[in-house]
Amino acid sequence: MPELPEVEVTRRQIARVLVGRRIETVWVASPSYFFVTPPAQLKKVLLGRVVKELGRTGKYLHAELDDASSLVVHLGMTGQWSAAGLSRSDHIQFRLGLDSGTELVFRDVRKFGKVEWVRPGGSSARLARLGPDALEIGLGPFYERLQSRAIPMKSALLDQSILAGVGNIYADEALYQARIVPTRRARDVTRAEAATLLRAIRSILRASIRGGGSTINDYLQPDGELGGFQNWHKVYGKGGAPCPRCKTVLSRVVLGGRSTHFCARCQR
Ligand SMILES: [Zn+2]
C-alpha cells in the first residue's frame with residue numbers, strides 16, 4: 001500500500017503536468033465505492049477547471065481548483081496515477097485530458113482508492129480526521145499524542161489521527177532505527193525516545209522519497225518506473241533474516257492485524 005513517500009513521489013511528478021493546466025476532457029468509470037462523489041457529478045464539476053496547486057496530507061493528494069473547490073484522491077492499495085501512457089487499459093477509474101495535450105490516468109485494480117470532490121468553502125471529512133503530516137509534526141505534539149495512548153507503538157504509528165502518512169513499511173523501519181520494540185505501549189515511550197523516533201521517521205521518509213518510494217507489489221511512479229527504496233529496507237519483510245546491526249534472527253509477528261518485523265535483541 002502506498003505510504004507517504006510513494007504519495008509524495010506521485011505528487012511531485014503529477015504536479016509537473018497538472019498544475020496550471022485546464023481540464024478539457026473527463027472520462028469516468030461506472031459508479032463504485034471508489035467514487036465518493038458520483039462519477040457523473042465528478043465529470044460535470046471538473047470540466048473546464050484549472051488546477052492551481054497539488055498538495056498532500058499524509059497519504060492523501062488534494063488538487064486545489066480555480067473555483068475554490070478541490071479534488072481529494074487516496075491511492076488505496078493499488079491506485080496509480082499515470083502520465084506516461086499506460087500499456088494496460090483495464091481497471092481505469094478516470095482520465096483527465098489537459099489543455100497541454102497530456103492525459104492523466106488513474107488506474108486502481110482493487111478499488112480501495114477514493115476520489116472525492118469538495119465544494120468551494122467545504123471540507124473533506126477524510127482530511128479532517130487526519131493528524132499532522134508525518135514530515136510536519138513537531139516533537140511536542142508527537143510526544144503528547146503518544147502519551148495519551150495505551151496502544152502498542154506500531155499501532156500508534158499506523159493511526160492516521162495521531163500522525164498522517166506512516167504505514168506498515170515505514171513504521172517497522174522507523175521503530176528499528178530508533179531501537180523501540182513495536183509492542184511497547186505508546187504512553188511508556190520517553191520524550192527522548194520520541195525525539196529519536198521522530199528523527200528516524202523523517203530521515204527514512206525523506207530517503208524513500210529520494211529513492212522514488214518502495215515497490216513491494218503494485219506501486220509504480222507516474223512515469224512508469226518502479227520505486228527503489230525497497231532495496232534499502234532493513235527489517236520490513238525480512239523476518240527470519242539476520243538483524244543488520246546485531247545478527248540476531250529478525251522476528252515477524254502479527255500486531256493489530258498487520259505483519260510486524262523487528263529485532264528482539266536491539267529493540268527495547
Ligand atoms: Zn538486532
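Student: Is Phe106 buried or exposed?
Tutor: Phe106 is buried, because its relative accessible area is 0%, where buried means under 20%, exposed over 50% and partly exposed in between, using a 1.4 Å probe and the protein chains only. This is a predicted model, in which local features need pLDDT of at least 70 and side-chain atom pairs count only at pLDDT 80 or more, while totals for chains, interfaces and linings use all residues. Residues are numbered from 1 along each chain as its sequence is written, and side-chain values use heavy atoms, leaving out hydrogens and water.

Student: How many aromatic pairs are there?
Tutor: The count comes to 7 aromatic pairs, a pair being rings of Phe, Tyr or Trp (its six-membered ring) with centres within 6.5 Å, called stacked if the planes are under 30 degrees apart, edge-to-face if over 60 and tilted for the rest. In one of them, Phe34 and Phe35 have ring centres 5.0 Å apart and planes at 85°, so that pair is edge-to-face.

Student: And how do the rings of Phe34 and Phe106 sit?
Tutor: Their centres are 5.3 Å apart and their planes at 25°, so Phe34 and Phe106 are stacked. That pair links distant parts of the chain, 72 residues apart, since Phe34 is in the loop between strand 1 (23-28) and helix 2 (39-46) and Phe106 is in strand 7 (residues 103-108); helices (H or I, at least four residues) and strands (E, at least two) are DSSP runs numbered from the N terminus.

Student: Which residues do ring pairs link into a cluster?
Tutor: Ring pairs join Phe34, Phe35, Trp81, Phe94 and Phe106, and within that cluster both Phe34 and Phe35 are buried.

Student: Switching topic, what are the protein donors of the zinc ion?
Tutor: The SG atoms of Cys243, Cys246, Cys263 and Cys266 are the donors, at 2.3 to 2.4 Å from the zinc ion, a donor being an N, O or S atom within 2.8 Å of the metal (3.2 Å for Na, K and Ca), and since water is not among the atoms, sites may look incomplete.

Student: Why is the arrangement called what it is?
Tutor: The 4 donor atoms subtend angles of 101 to 125° around the zinc ion, which makes the arrangement tetrahedral.

Student: How are the donor residues spaced in sequence?
Tutor: The spacing is C-x2-C-x16-C-x2-C. Cys243 lies in the loop between helix 7 (191-210) and strand 9 (251-255), and Cys263 in the segment after strand 10 (258-262), so the pair ties together parts 20 residues apart in sequence. Cys243 and Cys263 are both buried.

Notes
Four donors count as tetrahedral if all angles lie between 85 and 135 degrees; four count as square planar and six as octahedral if opposite donors are over 155 degrees apart and all others between 65 and 115; anything else is irregular.
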